[in-house]
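Please keep the sequence and the model in view while reading.

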Amino acid sequence: NNYKPLPDEVELKKSPIHGWGLFSKKEIPKDYILGMTHLYLDSKIIRTPLGGFYNHSKNPNCIKVHQYYKNTPGSYFYLKSLRDIKEGEELTVEYTFYEIVKNGTN
């Protein structure tokens with residue numbers, strides 16, 4: 001159960017979109033959870049390496065999904081494939097802007 005900054009399915013490479021990006025090392029099936037991208041805990045945002053390297057696309061192949069766990073502090077976000085992803089394909093998400101709510105108020 002050792003921590004790994006990136007899942008076995010992806011690797012970092014120079015991206016034609018911007019800087020560095022996440023690329024699949026093998027085929028990834030639709031609806032596959034690749035790992036945690038962000039954790040919101042006590043008004044702090046903790047970004048994992050997985051959450052720091054995907055790039056934006058208006059036609060993304062992944063999405064960030066939000067998950068709460070009963071009796072666990074914080075809010076968790078995971079990277080999930082929207083469709084089958086081919087080996088060598090860059091993993092992308094459509095960025096959205098949002099406001100972070102602290103202590104239940106804006």
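What follows describes a sheet and then the salt bridges.

This is a predicted model, in which local features need pLDDT of at least 70 and side-chain atom pairs count only at pLDDT 80 or more, whereas totals for chains, interfaces and linings use all residues. Residues are numbered from 1 along each chain as its sequence is written, and side-chain values use heavy atoms, with hydrogens and water left out.

An open sheet is built from four strands in the order β4-β3-β7-β6, with antiparallel pairing; strands here are DSSP runs (E, at least two residues), numbered from the N terminus, and two of them pair if DSSP finds at least two bridges between them. At the edges lie β4 (44-47) and β6 (62-67), each of which pairs on one side only. Within the sheet, β3 (residues 33-41) and β7 (residues 75-81) are joined in the antiparallel sense over six bridges, and I33 stands opposite K80 in β7.

Three salt bridges are found in the whole structure, the term meaning a side-chain nitrogen of Lys or Arg within 4 Å of a carboxyl oxygen of Asp or Glu.

| Salt bridge | Closest N to O |
|---|---|
| K80 and D31 | 3.8 Å |
| R83 and E89 | 2.4 Å |

K80 lies in β7 and D31 in the loop between β2 (20-24) and β3, so this pair ties together parts that are 49 residues apart in sequence. At 18% relative accessibility E89 counts as buried, whereas R83, at 36%, is partly exposed; buried means under 20% relative accessible area, exposed over 50%, and partly exposed in between (1.4 Å probe, protein chains only).
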